[in-house]
Amino acid sequence: MLQKEDYLPILAGVITSLIFGFSFLFTKRALDYLDIFHLLALRFTFAALLLMVLKALGVIKIDFKGKRLGLLILLGICQPVAYFICETVGLELTTSSEAGMMIALIPVLVTILGAIFLQEVPDKKQLLFIIISVIGVIFIVVMKGNREVDGNLLGMFILLGAVFSAAFYNIISRKSSLQFKPIEITYLMMIMGAGVFNSISIFNHFREGTIANYLVPLTNLDVLFAIFYLGVLSSVLAFFLVNFTLSKLEASRSAVFANLTTIISVIAGVFFRGEPFYWFHLVGGLMIMMGVWGTNYYGRVKIIEESNLDY
């Protein structure tokens with residue numbers, strides 16, 4: 001019988017999907033006033049400052065003393081740094097359909113890497129449901145924009161870099177959870193994101209001669225609210241929940257929650273932006289939910305069976 005501690009990481013995965021699914025609404029709003037790297041810089045600066053204030057007030061405890069930071073720094077390079085850079089550049093060179101299909105490969109790659117580096121080998125039933133979930137995402141993306149795909153090879157390779165970055169992040173976070181608390185992992189991720197993206201954005205502003213206006217967008221309430229959502233919920237809370245889920249579930253079970261984001265983003269678009277809802281959204285959404293349920297259900301059954309064998 002499932003205990004509370006069994007449900008918590010699953011609930012965390014669902015909440016994360018909800019947060020990420022709605023985040024595109026706020027990203028689109030902010031991009032009316034900011035370029036992508038300026039947005040990322042302000043987003044992660046807000047997140048990093050929030051965590052530093054919480055640390056100073058004693059609300060959270062961060063202790064890296066005596067711990068090996070090399071693996072954690074590598075994690076930060078993968079996510080958020082490499083992932084967001086590859087995703088941003090890749091999106092500029094490809095279409096949303098191509099990007100959606102590439103990002104949908106993350107759970108598959110996480111499963112492969114988890115088996116190699118973590119010895120977390122899914123059984124055949126889990127693997128089947130992971131594939132069903134990924135097919136659901138690809139089905140929605142292809143049906144929604146199959147005319148957009150133009151086969152830009154360079155862009156696809158760069159997006160593949162984002163896929164590998166996200167996959168390795170899942171593996172490294174899972175491995176780091178043996179030594180670091182989820183909040184410590186999140187803390188370093190936000191600091192690294194703020195440092196790298198501010199460096200890129202400040203360089204761009206100096207080159208364009210607009211550095212004096214760097215913080216002016218924050219006087220706009222739409223931008224400020226979007227940065228608050230993206231910095232507090234999509235960065236601090238969501239990544240904390242991701243790291244918490246990865247500390248409790250196998251990497252393959254945790255990664256499949258990312259595909260729920262597709263469903264949430266479609267629903268958010270329908271209700272808040274008046275975007276159309278088609279039959280393939282329903283079919284693909286059901287496949288995704290079936291995949292997420294099956295991956296976690298049979299993963300839990302597998303753990304129970306292995307525990308019984310130990311006795």
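Student: What does the secondary structure of the protein come to, and what pattern does the protein follow along the sequence?

Tutor: This is a predicted model, and its secondary structure comes to 12 helices and zero strands, so that the pattern read along the sequence is α-α-α-α-α-α-α-α-α-α-α-α. Of the contacts with a separation of 6 or more, 91% are between residues 24 or more positions apart, and buried residues make up 48% of the 311 residues in the protein.

Student: How should I read the packing of two helices, and at what angle do α2 and α8 pack?

Tutor: Begin with the angle and the distance between axes, then take the handedness, and then the residues that meet. Helix α2 (residues 36-56) and helix α8 (residues 182-208) pack at an angle of about 140 degrees, and their axes are 7 Å apart. Angles over 145 degrees count as roughly antiparallel, and α2 and α8 are therefore oblique to each other. The crossing in which α2 passes α8 is left-handed.

Student: Which residues of α2 meet α8?

Tutor: On the α2 side they include F37, L40, F44, L51 and K55, and on the α8 side the partners include I183, Y187, M190, F197 and H205. By class, the residues of this contact divide into 15 nonpolar, seven polar and one charged.

Student: At what angle do the axes of α2 and α9 cross, and is the crossing left-handed or right-handed?

Tutor: The axes of α2 and α9 cross at roughly 60 degrees and come within 8 Å, which makes α2 oblique to α9. The crossing of α2 and α9 is right-handed. Among the residues of α2 that meet α9 are L39, R43, F44 and L51, while those of α9 include I227, G231, S234, V236 and F239. The contact of α2 with α9 has 13 nonpolar, three polar and one charged residues.

Student: How do I read a nonpolar core, and which residues touch the most other members of the largest one?

Tutor: In soluble globular proteins, nonpolar side chains tend to be buried together. Here the largest nonpolar core holds 46 residues, and F44, L51, V110, Y169, M189, M190 and F197 touch the most other members. Helices that each supply at least two residues of this core include α2, α3 (70-93), α5 (106-117) and α7 (153-176), and the largest share, nine residues, comes from α8. A second, separate core of 16 residues includes I19, L42, V223 and A226.

Student: Is S234 buried or exposed, and which residues does S234 contact?

Tutor: Relative accessible area is the value to read for burial. S234, found in helix α9 (residues 221-248), is buried, with a relative accessible area of 0%. Leaving aside neighbours within four places in sequence, S234 is in contact with I19, F20, S23, R43, Y229 and F239. The C-alpha atoms of S234 and T16 are separated by 8.1 Å, although these residues are 218 residues apart along the chain.

Student: Where does S23 lie, and what does S23 touch?

Tutor: S23 lies in helix α1 (residues 4-30) and counts as buried at 12% relative accessibility, because the limit for burial is under 20%. Not counting residues up to four places away in sequence, S23 touches Y229, L230 and S234.

Notes
Residues are numbered from 1 along each chain as its sequence is written. This is a predicted model: local features need pLDDT of at least 70, side-chain atom pairs count only at pLDDT 80 or more; totals for chains, interfaces and linings use all residues. Side-chain values use heavy atoms; hydrogens and water are left out. Axes are lines fitted to C-alpha atoms, for helices over the stretch in contact, and angles run from 0 to 180 degrees between N-to-C directions. Helices (H or I, at least four residues) and strands (E, at least two) are DSSP runs, numbered from the N terminus. Angles under 35 degrees count as roughly parallel, over 145 as roughly antiparallel, 65 to 115 as roughly perpendicular and the rest as oblique. A crossing is left-handed if the near helix is turned anticlockwise from the far one by less than a right angle, and right-handed if clockwise. Contact means heavy atoms within 4.5 Å. Ala, Val, Leu, Ile, Met, Phe, Trp, Tyr, Cys and Pro count as nonpolar, Asp, Glu, Lys and Arg as charged, and the others, Gly among them, as polar. Buried means under 20% relative accessible area, exposed over 50%, partly exposed in between (1.4 Å probe, protein chains only). A nonpolar core is a set of buried Ala, Val, Leu, Ile, Met, Phe, Trp, Tyr and Cys residues joined through side-chain atoms within 4.5 Å.
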